[in-house]
Amino acid sequence: KPNKNKGEGNIYDRIFKENAESLFIPIIERELGLQIKSYNRLPDKLPKTVEREVDFLFDVHLENNENWILHIEFQTNDAKNMIYRMGMYHGLVWEKYKKPIKHIVIFLGKGKAKMRKELTEKELFKGFDIINLHQLDTDQLLSSQVPEVIMLALLSNYKKERSERILRLIIERILYVNKSDTLNSKFATQLIILSKLRNLEYQTIKILENMPVLIDIETSILYQRGINNEKKAAVIRGLNNGMTYEQIEVMTELSLEEIKKIEAEHKG
């Protein structure tokens with residue numbers, strides 16, 4: 001996930017989830033050489049096990065200098081899904097200790113346990129593919145007929161000095177494929193949010209303001225937050241330069257209470 005605070009991370013999650021099908025299905029098909037015939041979206045929420053603690057873990061050292069983690073679980077019933085629970089424990093224990101793990105289930109029930117002990121070949125986790133957005137071809141994304149995919153050109157592989165040109169091309173292409181003279185406020189807001197990942201937020205806002213597209217950009221929460229950040233920076237600069245509260249009030253049009261609050265936050 002993007003390296004942002006929790007609130008901002010949720011914003012990116014929401015954008016990508018809202019546009020998951022139109023954004024990523026075409027890119028995955030192209031990058032992995034797939035031809036997807038059909039697909040159905042499944043629920044995002046996955047079941048969680050209540051049992052987050054394992055029964056026993058030991059750091060074991062053998063005479064032959066082998067070192068691994070011994071994981072022991074006690075089970076009173078012949079659970080059919082025990083194999084999957086142990087698989088979940090394996091991932092969690094490995095993430096914490098980064099050592100080979102030996103898993104043992106001690107069955108306390110009557111008779112012989114019939115629960116599965118091994119995963120089948122198709123159940124094994126063998127890793128994953130990576131699609132690095134920053135390495136995607138900018139021109140290919142811009143040539144898409146899908147507005148959401150065109151927007152991803154903002155995160156693709158281009159030189160920093162081309163950023164303004166890329167931003168303008170993205171907006172022009174979205175207008176073209178939508179056969180519209182106006183930029184949907186949804187796309188405008190999402191473009192601003194994505195631009196933060198490349199530190200292009202203010203540049204994006206200025207381009208949107210100056211282009212002949214009818215969007216009420218000033219009502220955007222992201223736009224207002226951008227202005228607030230600029231004013232906070234101005235307050236801090238003013239304080240550092242020895243300006244009085246009254247001078248900063250005039251410069252930033254903030255109240256004395258707001259200025260003192262920013263000062264307190266800055267001092268920590």
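Where in the chain is the place of Pro100? The place of Pro100 is in the loop that runs between α3 and β3, the latter covering residues 101-107. The structure discussed here is a predicted model.

## Overall composition

The protein chain contains 11 helices and three strands. Read from the N terminus, the order of the elements is α-α-β-β-α-β-α-α-α-α-α-α-α-α.

Of the 268 residues in the protein chain, 32% are buried. The accessible surface of the chain comes to about 18700 Å², and carbon and sulfur atoms account for 52% of that surface. Among contacts with a separation of 6 or more, 56% are between residues 24 or more positions apart.

Gly87 lies in helix α3, which spans residues 82-97. With a relative accessibility of 38%, Gly87 counts as partly exposed, because that class lies between the limits of 20% and 50%. Gly87 is 16 residues from His103 in sequence, and their C-alpha atoms are 9.7 Å apart in space.

Pro100, in the loop between α3 and β3, has a relative accessibility of 47% and therefore also counts as partly exposed. When residues up to four places away in sequence are not counted, Pro100 touches Asn67, Trp68, Ile69 and Trp94. A separation of 9.5 Å is found between the C-alpha atoms of Pro100 and His90, which stand 10 residues apart along the chain.

## The packing of α7 and α8

Helix α7 comprises residues 185-195 and helix α8 comprises residues 201-210. The two pack at an angle of about 155°, and their axes are 8 Å apart. This angle makes α7 roughly antiparallel to α8, because angles over 145 degrees fall in that class. The crossing of α7 past α8 is right-handed.

On the α7 side, the contact is made by Ala188, Leu191, Ile192 and Ser195. On the α8 side, Glu201, Thr204, Ile205 and Leu208 take part.

## The packing of α6 and α8

Helix α8 also packs with helix α6, which spans residues 163-177. The angle between α6 and α8 is about 50°, with their axes 10 Å apart. The two helices are therefore oblique to each other. The crossing of α6 and α8 is right-handed.

Which residues of α6 and α8 meet? From α6, the residues are Ser163, Glu164, Leu167, Arg168 and Ile171. They meet Gln203, Thr204, Ile207 and Leu208 in α8. The residues of this contact divide into four nonpolar, three polar and two charged.

## Met251 in helix α10

Met251 has its place in helix α10, which covers residues 245-252. At 43% relative accessibility, Met251 counts as partly exposed.

Apart from neighbours within four places in sequence, Met251 is in contact with Ala234 and Met243. Met251 and Val235 are 16 residues apart along the chain, while their C-alpha atoms are separated by 8.7 Å.

Technical notes:
Residues numbered from 1 in each chain as written. Predicted model: local features only at pLDDT ≥ 70, side-chain atom pairs only at ≥ 80, totals over all residues. Heavy atoms only, no water. Axes fitted to C-alpha atoms, helices over the stretch in contact; angles between N-to-C directions. Helix = DSSP H or I, 4+ residues; strand = E, 2+ residues; numbered from the N terminus. Parallel < 35°, antiparallel > 145°, perpendicular 65-115°, else oblique. Left-handed = near helix turned anticlockwise from the far one by under 90°. Contact = heavy atoms within 4.5 Å. Buried < 20%, exposed > 50% of the residue type's maximum accessible area, 1.4 Å probe, protein only. Areas by Shrake-Rupley, 256 points an atom, 1.4 Å probe, with all protein chains shown as cover. Nonpolar A, V, L, I, M, F, W, Y, C, P; charged D, E, K, R; others polar.
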